[in-house]
Amino acid sequence: MDPVPRRTNEKFPFRAAAYLILAAVLMTLAVCALSAVLIRSMDSFLLYAGQEDFAGIFAQLEDAELTPHGTIPFLLALLFLTIIGLLIRKIGGWSVIPAILLGILLITASLAAAVWFTDVNGIRFGTVMLSLLDMIQAGAF
Amino acid sequence: MRKFSLFLATLTVLCAVLTGCGTAVPQFIQTETDGMAAAQWHIGFGDAIISHDGLEGPFYIAGYDANREITGVLDEMRASAVWMDIGGDGILLIGVDCVGLGRDRIENIRTALSPFCLETGCVSVNVYSTHSHAGIDTLGLWGEVAKDGKNEAFMDRLTEACVTAANLAHADRKPGKLTYGYTPTDMQYDSREPIVYDNHIYQLKFTPDDGTAGIRMISYAAHAESLRGANTLLSRDFPGVMSDLLLEQTGDRMIYMPSAIGGLIMTREMTQPDGSFDAEKAAELTGQNLIQYVYQIEDTREVEPVLEIARSIFEIPMDNTVYLYYRFLGILGNETRESSESGTGYNLITELSLLKLGDIHIAMIPGELFPELVTGEYMDENCQRPAANPTAENPEALNDIAARYGVENLMILGLANDEIGYIVPPGDFMVHPETPYLTDTGKIDGENHYEETNSVGIRAAERIAQALESVLEAMYGAE
């Protein structure tokens with residue numbers, strides 16, 4: 001007789017769901033913190049890319065008031081972690097390469113979403129980037 | 001559990017409703033006497049120099065081209081305060097010799113004055129700019145391109161000077177009489193059609209009962225830029241000359257209040273007899289001539305001791321993408337709110353107040369208002385070019401709105417409690433089709449529409465008119 005009762009497929013895996021949500025929350029907090037670092041360091045990236053003039057302008061973001069919006073990064077994290085979890089159950093064990101690839105996708109997508117939706121001095125980062133793109137296409141700069 | 005959930009839900013709804021109501025309803029304050037005596041004017045004056053001595057630069061000169069530093073000092077910038085009460089709570093009016101102050105800086109000054117207000121019973125602090133184009137950059141727009149040109153240490157000194165001036169004004173308060181008068185002048189120039197401006201110079205003159213020096217609040221519709229664009233010396237421009245002359249010749253202290261100066265109203269260039277232009281002499285001559293007009297104000301009447309103020313905080317759809325970028329970079333300090341009604345996705349939050357002194361009403365406008373928005377004299381067939389946007393509806397004239405509430409003497413104080421830029425009539429509003437707000441239109445219709453590039457957007461005028469109506473309604477009840 002098996003001493004450990006097995007979970008049947010009919011019961012909802014509450015414990016797994018709880019771990020999933022916790023992992024997604026932790027991931028969201030991490031990407032939001034990282035997005036703040038990235039935004040404040042934009043001038044360094046622009047300098048590295050040889051754009052000194054723009055680097056000087058974006059250096060002003062070092063003291064900016066940043067308000068991250070974690071909803072989209074959280075949902076993305078939840079989605080990707082769910083996919084990874086389901087893949088692991090289906091394959092029946094750790095499959096390294098797909099897990100790593102999905103993990104990279106997860107982090108990249110969540111980070112991009114976190115940066116995009118962060119309010120910088122009350123204005124969404126993504127809104128400004130779209131507007132600048134329009135202006136560049138119109139030949140403004 | 002169910003009762004607790006219901007309680008939480010009710011509390012949430014209540015908070016939402018109260019929060020929503022708090023930002024929509026204008027605030028109206030009616031000052032009274034302390035009950036011991038009949039109402040009488042008590043007015044005091046104080047001023048303080050805003051010095052940049054000992055501070056590390058750069059100090060950019062505001063008003064014309066970007067990235068130009070001051071090269072010397074003609075006269076220092078000042079904060080000049082007038083305290084007013086009728087025997088009880090008081091109202092402060094502070095004028096700063098600078099190009100403009102954003103609402104974030106106004107709130108900073110109000111916060112610094114909180115202890116003063118608690119102590120003195122000051123119920124309203126109002127800060128405006130004289131719009132001097134020879135002061136240190138206080139908006140951040142005249143440094144290197146897209147970089148904040150404000151010097152934060154200097155801005156802190158500006159706040160300190162406002163606090164000092166306010167304290168001195170309160171300490172100086174005396175009982176006396178307030179009179180109102182005006183006279184026409186022949187000093188102005190309007191650079192954009194329609195050629196409309198108020199050519200009168202107005203004076204609210206306070207004469208203390210004890211015969212000591214008086215206080216004059218001078219209102220005039222002109223940009224403070226008689227020194228013109230090549231000047232790089234720090235100065236108050238002609239308002240400073242007027243103030244110094246008045247003090248020297250009469251002992252009276254003065255504050256200069258810019259009126260509706262958008263579009264672009266300035267004093268005519270004062271050239272020398274040989275046709276050359278000397279900036280310093282031009283400012284002196286402009287100030288001297290304007291003071292002579294002030295002395296010509298003879299037909300005055302007494303202002304009854306009634307002191308009230310109504311304020312409305314409201315939103316303007318922020319279509320100007322440059323404002324969006326500058327807010328993003330932290331150069332523009334105004335609060336914004338996400339909104340689908342604007343081209344950028346954000347509304348800008350600002351305020352308008354109506355100050356009542358007897359039967360004189362001063363509309364404190366947060367920017368540079370085009371005079372035709374006050375009088376209703378919009379572009380017509382008599383102009384040399386057609387209106388740029390004839391299908392857009394111009395708002396009801398501010399004078400007409402005021403008249404519906406029985407207000408006949410509406411004065412305008414521009415650049416008050418914010419500086420949102422030009423407030424342009426929608427009927428003549430035009431931006432560049434490909435790079436709106438970044439560049440002007442060029443003279444495609446005979447006008448380069450420069451003012452639009454320094455405006456919040458086309459709906460500013462309509463929102464200003466609505467805000468004025470709301471404060472009039474708060475003061476007098478629904479029409």
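1. Let's start with F328(B). Its relative accessible area is 1%, so it is buried (buried means under 20% relative accessible area, exposed over 50%, and partly exposed in between, using a 1.4 Å probe and protein chains only). Keep in mind that this is a predicted model, where local features need a pLDDT of at least 70, side-chain atom pairs count only at pLDDT 80 or more, and totals for chains, interfaces and linings use all residues. Residues are numbered from 1 along each chain as its sequence is written, chains are lettered from A and ligands numbered from 1 in the order in which they are written, and side-chain values use heavy atoms, with hydrogens and water left out.

2. What does F328(B) pair with? Its partner is F125(A): the two rings make a tilted aromatic pair, 6.1 Å centre to centre with 55° between the planes. (Rings of Phe, Tyr and Trp, the last by its six-membered ring, pair if their centres lie within 6.5 Å; planes under 30 degrees apart count as stacked, over 60 as edge-to-face, and the rest as tilted.) The pair crosses between chains, with F125(A) in helix α6 (residues 125-137) of chain A and F328(B) in helix α7 (residues 321-328) of chain B. F125(A) is buried too, at 8% relative accessibility. Over all chains, the structure holds 10 aromatic pairs.

3. On to the interface itself. The contact takes 20 residues from chain B and 21 residues from chain A, where contact means heavy atoms within 4.5 Å. About 1,700 Å² is buried between the two chains, and carbon and sulfur atoms give 67% of that (buried area is the accessible area, with a 1.4 Å probe, that two parts lose on being put together, summed over both). Which three residues of chain B supply more than any other three? Y325(B), F328(B) and L329(B), with 40% of the area that chain B buries against chain A.

4. Chain A has 6 helices and 3 strands. From the N terminus on, they run α-α-α-β-α-α-β-β-α. Of the 141 residues in chain A, 29% are buried. Take the contacts in this chain between residues at least 6 apart in sequence: 69% of them join residues at least 24 apart.

5. Next, the inside of chain B. L369(B) and L468(B) touch the most other members of the largest nonpolar core, which has 67 residues. (A nonpolar core is a set of buried Ala, Val, Leu, Ile, Met, Phe, Trp, Tyr and Cys residues joined through side-chain atoms within 4.5 Å.) Helix α11 (residues 460-476) of chain B gives this core its largest share, 9 residues. Leaving aside neighbours within four places in sequence, the contacts of L369(B) include A260(B), V374(B), L398(B) and I464(B). Apart from this core lies another, of 35 residues, with W83(B) and C117(B) among them.

6. E451(B) counts as buried at 2% relative accessibility. Not counting residues up to four places away in sequence, E451(B) touches R192(B), G263(B), L264(B), F370(B), Y422(B) and V424(B).

7. For contrast, G376(B) is in the loop between α8 (372-375) and α9 (398-404) of chain B. At 31% relative accessibility, G376(B) counts as partly exposed.

8. Finally, confidence. Chain B averages a pLDDT of 93, and 95% of the residues score at least 70 (pLDDT is the predictor's confidence in each residue, from 0 to 100). Over residues 1-23 of chain B the pLDDT is below 50, and this stretch has 1 contact in the model beyond near neighbours in sequence. For the complex, the predictor gives an ipTM of 0.87 and a pTM of 0.91.

Notes: Helices (H or I, at least four residues) and strands (E, at least two) are DSSP runs, numbered from the N terminus.
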